[in-house]
Each structure stands twice: as C-alpha cells, then as structure tokens.
Amino acid sequence: MDRAASKKPCCERFCEFFKSAKFLIYLGHALSTWGDRMWNFAVAVFLVELYGNSLLLTAVYGLVVAGSVLLLGAIIGDWVDKNPRLKVAQTSLVVQNSAVILCGVLLMVVFQFKEQLTTLYSGWLLTSCYILVITIANIANLASTAMSITIQRDWVVVVAGDDRSKLADMNATVRIIDQLTNILAPMLVGQIMAFGSHFIGCGFISGWNVFSMFLEYFLLRKVYQKTPALAFKAGQKDNDDQELKHLNVQKEIGINESPVEGSQLMNETAEVKKTTSCCYQMTEPIRTFKDGWVAYYNQSIFFAGMSLSFLYMTVLGFDCITTGYAYTQGLNGSVLSLLMGASAISGICGTVAFTWIRKKCGLIRTGFIAGVAQLSCLVLCVASVFAPGSPFDLSVSPFDEVLKHLFGDSNSLRESPTLLPTIEPQINTTVFEEAPQIESYMSVSLLFTGVIAARIGLWSFDLTVTQLIQENVIESERGVINGVQNSMNYLLDLLHFIMVILAPNPEAFGLLVIISVSFVAMGHMMYFRFAYKSLRSRLFLFCSPEQKPDPNIASLPNSV
C-alpha cells in the first residue's frame with residue numbers, strides 16, 4: 001500500500017491531502033484560532049477605550065474569564081465526554097461565534113451612542129452594557145474552551161488512530177498554526193482599527209465570525225463523515241446504556257408479579273428516582289467538579305500535567321508584563337516587535353524539534369530533554385538580574401507602589417515607574433511613565449535572550465505533555481481531565497498576575513524572575529519524577545514478562 005501510494009503523481013497526492021480529514025481539521029482550526037486571536041486582542045482594546053482609557057474593565061474581564069474556567073473547567077469537560085462528538089463541536093462552535101457576533105454588535109451600538117447612553121438613567125444603562133459585554137465575552141471564552149478540548153484533545157487523537165507519529169505531527173502542526181495566528185491576527189485587526197475606527201473593527205470581527213461559523217460548521221461535518229471512528233464514543237455508550245436500564249426498570253416494575261424480584265425492582269426504581277430528584281440535579285455540578293479533580297489526581301500522568309501548569313506561573317513570556325518592563329528599560333516598540341517575531345520563530349523551531357526528538361528518543365525522554373533545555377536557557381534570565389544595567393534593588397520595598405496607589409502618599413514613598421501602563425485621560429493612547437536612564441543594556445539583553453531561547457524547550461515540553469495526556473487518558477475521561485488541566489493552567493496564570501500586582505515596580509522585577517524560574521524548575525522536577533517512574537516501570541515490564549502490568553501505566557511504555 002505504501003509503495004503504491006508513493007508511486008502516485010504529486011498532483012494526485014496533493015489532492016488527496018487537501019481532501020483528507022487531517023487537512024480539514026487544520027483548516028477549521030486555523031479559521032477558529034484566527035477569529036479567537038482577533039477577538040482576544042480587540043476586546044481588551046475595546047474595554048480600555050470604553051471606560052475612559054482605564055484598565056479597570058480589562059482587569060475585571062480577565063478576572064472573570066480566569067475564574068470561570070477555573071470553576072467550570074471540569075464541568076465543561078464532563079459535558080464534552082457525555083455527549084456525541086459532532087453535537088459537542090457544533091454546539092460549541094455556534095455558541096462561541098454567536099456570542100462574539102452579539103458582543104460585537106453590542107459594542108458597535110455602545111461606540112455609536114455612548115454619549116446618549118451616558119445620560120440615560122444616570123449612566124446605569126451604560127454600566128449595564130459593560131456588564132453585558134463582559135458576560136457575553138466570557139460565554140464565548142467558555143465555548144472556545146469546550147471547542148479546544150473536543151478538537152485538539154479528542155478529534156485529533158481519533159483522526160490519528162493508533163499512529164503515534166501521525167499524532168505527534170498533527171499536534172505540532174496545530175501548535176504552529178496557533179503561533180502564526182497569535183502574531184498575524186492581532187496585526188490585521190490592529191491595522192483595521194488604526195486606519196479605520198473601533199466601530200469598523202467591531203463590524204469586521206462580527207462579519208468574520210459569521211463567515212467563519214458557517215465554513216467551520218461545514219468542515220466539522222466533512223471531518224466527521226471522513227472519520228467513521230468519531231461516531232463511536234465510550235462515555236456516550238455508557239450513558240445510553242444507563243438510560244435504557246432506567247427505562248427497562250420502569251417498564252418491568254408494572255408487569256412483575258414475584259415479591260422478591262418486585263422488591264429488587266422497587267429498590268432500583270427508588271435509586272432512579274433519587275438520581276432524577278430536584279436536589280440531586282441541583283448538586284450535580286458540584287459532584288462533577290469534585291469527581292473531575294479526583295479523577296485528574298488519580299491519573300498516571302498527574303505529575304506531568306501539574307508540571308505543565310507550573311510553567312504558567314512566570315513573568316518570562318511576551319505578555320503585557322514583560323512589555324511593560326521592557327519599556328522601563330529603554331526598549332521601544334520597534335525593538336519589541338522584532339523580539340516578538342524572534343520568539344515566534346523560536347517557538348516554531350521548538351515544535352519542529354519535538355517531532356524529530358520524539359522519533360529518535362521517544363516521547364517521555366523528549367519531555368526530559370525539553371525541560372533541561374528550557375531550564376538551561378532560563379539561567380540567562382537569572383544572570384540578567386545581577387548583570388550591569390539591572391534595576392534590581394532589594395532596598396526598595398516591592399509594596400511601595402501598591403501603597404502609593406492605595407493611599408496617594410507620593411511624598412513619603414520613593415517614586416519609581418510601574419510595570420503596568422498608566423493611562424493619560426486626556427490622550428487617546430496608552431503610555432508608560434518616563435523610564436529611568438539606562439546605563440547598560442546587558443541585563444535586558446540577557447533577559448530576552450534567555451526568554452526567546454527557552455521557548456524552544458517550552459513548546460517541545462508543552463507538546464510532550466499534551467500527547468502524554470492524549471495517549472494515556474481513557475476515551476471516556478478525555479474531556480473532564482483536559483478541562484481540569486485548563487483550570488490548573490488558569491489558576492497558576494492568575495497567581496502570576498497577583499504576584500505582579502503585589503510587586504509592580506521594576507526594582508522588584510528581578511525577584512519576580514527568580515520566583516518564576518523557581519516555579520519552572522519545580523514543574524520540571526515533577527516531570528522528572530514522572531519520567532523516572534515511567535521508565536522504571538518499563539524496565540520492570542521487560543524484566544518480568546509474566547508480571548501483569550498496572551492498568552494505570554500499561555500504555556506508558558509505548559510512549560517511551
């Protein structure tokens with residue numbers, strides 16, 4: 001079969017690839033991710049513009065999104081597990097895009113009639129619009145989370161089948177699409193808003209989601225038709241069997257005449273009534289939340305998943321925190337854009353390196369190598385804290401800036417620029433306070449060299465843990481386990497923002513760097529423990545072939 005396929009003309013092979021389920025998943029994911037990246041970038045800008053160039057609404061939105069995924073991640077994953085794949089994907093798609101479209105239209109109305117809304121009902125109508133925008137945007141993010149779990153963590157596994165190399169290639173390709181859209185999509189919508197207006201930007205994003213929703217809906221159906229295995233789902237079959245049992249119990253209780261059998265059926269009926277009672281149904285989300293976290297803890301890949309979550313507790317990434325610090329160290333927007341481009345290239349190299357190292361060394365060892373590579377590069381970031389030009393100063397209290405903003409006592413507290421941007425109400429732009437005079441760029445150069453180089457190991461490690469979860473979590477629990485994993489990621493990400501709020505001045509950034517590297521090191525130590533245990537189990541299985549393997553680690557040797 002392989003020889004016959006290799007003898008096919010190039011045009012025919014290209015046509016087969018473009019019609020394959022794998023390519024259709026790539027195309028649908030690219031459309032979905034492009035819309036997500038445009039919206040995530042634009043909604044933060046819109047909220048800043050709406051609230052008089054203040055970061056308050058943006059901060060509230062970020063807190064609501066993180067809190068919602070943290071609390072509802074397991075419940076969303078459980079819903080993904082218990083429903084048919086096509087229904088879950090299509091429902092998530094429609095809810096997500098409809099929410100973004102509705103939110104975009106609402107923002108257009110607010111931008112167009114903001115002055116009139118401000119005067120109505122003493123401004124409460126405008127406040128209600130703000131609340132509505134944040135609520136709808138949060139619903140869109142939750143639907144996006146469900147879509148991500150069902151496509152990237154489930155459909156990709158089924159389409160790849162038993163071919164682990166194909167699964168690794170698909171994961172790497174999906175991640176490359178993520179990185180490219182993360183740069184290009186915000187650039188496009190940013191240019192539209194810069195040369196047009198925020199009103200036009202809202203209209204463009206809403207229009208894109210209308211177009212994308214119908215096309216993605218069609219692509220999902222085509223992938224489903226081309227992959228018959230997607231129609232069979234372990235968790236869904238169990239639920240159907242349970243419902244059928246309940247119906248049979250209700251039917252048999254009326255025709256059974258034996259006292260003993262009748263009492264047994266009565267007990268089963270009582271159990272059915274208990275599970276369908278109002279109180280039971282109301283407390284079901286709480287039980288789902290608890291069961292999801294317990295199931296996550298009991299997984300053989302628990303420490304691998306935790307290690308990935310700990311990597312989110314860091315300021316060493318290209319987010320608003322690092323950008324703010326770079327401005328205080330004298331780097332301009334042009335240099336930062338080049339650094340972000342280099343970071344993207346580094347991430348793509350990491351995804352390519354993952355596929356190559358996995359083929360040579362195995363999946364578990366790939367994670368070990370990626371962890372060592374990331375930690376080695378982050379040593380440069382620690383060195384930057386003590387290098388010439390570093391503002392690191394332990395004599396400056398990290399709480400000075402917080403106290404200054406709380407009590408306004410600027411005379412008794414030492415003035416220092418903050419890592420977070422300050423907003424001038426009179427000007428329609430975001431500006432940073434004047435940075436101190438920089439004597440040397442050695443410190444900031446070492447910092448960004450380490451951050452960019454570490455992304456090769458970071459993305460290789462991320463793909464390793466992702467595939468470990470895909471391969472070692474049973475089909476009926478993929479949704480809930482990945483939902484809890486998302487919750488853990490958001491929890492550690494939220495903690496890193498709290499850490500910056502408590503120490504926002506540049507003099508304390510060195511301390512944040514050391515704490516971040518410590519968390520990354522702890523995360524990789526967890527993974528090293530997981531890898532050691534897994535590799536030792538493999539040796540044990542090879543040395544004792546008659547020994548029955550533990551079902552929790554039975555599939556791990558295949559990943560080595």
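**Surface, cores and cysteines of a predicted model**

At 60% relative accessibility, W124 counts as exposed, since the term buried is kept for residues under 20% relative accessible area and exposed for those over 50%, with partly exposed in between (1.4 Å probe, protein chains only). The structure is a predicted model, in which local features need pLDDT of at least 70 and side-chain atom pairs count only at pLDDT 80 or more, while totals for chains, interfaces and linings use all residues. Residues are numbered from 1 along each chain as its sequence is written, and side-chain values use heavy atoms, with hydrogens and water left out.

W124 is placed in helix 7, which covers residues 124–160; helices (H or I, at least four residues) and strands (E, at least two) are DSSP runs numbered from the N terminus. Together with L120, Y121 and L125, W124 makes a nonpolar surface patch of about 480 Å². Such a patch is made of residues with over 30% relative accessible area and no salt bridge, nonpolar side chains (Val, Leu, Ile, Met, Phe, Trp, Tyr) being joined within 5 Å and like charges within 9 Å, where a salt bridge is a side-chain nitrogen of Lys or Arg within 4 Å of a carboxyl oxygen of Asp or Glu. Helix 7 also holds N138, which counts as buried at 9% relative accessibility. When neighbours within four places in sequence are left aside, N138 is in contact (heavy atoms within 4.5 Å) with Y61, V64, V65 and S68.

The protein chain contains 22 helices and 2 strands, and buried residues make up 46% of its 560 residues. A nonpolar core is a set of buried Ala, Val, Leu, Ile, Met, Phe, Trp, Tyr and Cys residues joined through side-chain atoms within 4.5 Å. The largest such core has 60 residues, of which V315, L316, L447 and V513 touch the most other members, and its largest share, 12 residues, comes from helix 19 (residues 442–472). Not counting residues up to four places away in sequence, V513 touches V315, L316, C381, V382, V385 and L447. A second, separate core of 32 residues includes M38, F46, L107 and A185.

A search of the whole structure finds 0 disulfides, a disulfide being a pair of cysteine sulfur atoms within 2.5 Å. C381 is accordingly in no disulfide, the nearest cysteine sulfur, that of C377, being 8.5 Å away. At 0% relative accessibility, C381 counts as buried.

Conventions:
Accessible areas come from the Shrake-Rupley method with a 1.4 Å probe; for residues, only the protein chains shown count as cover.
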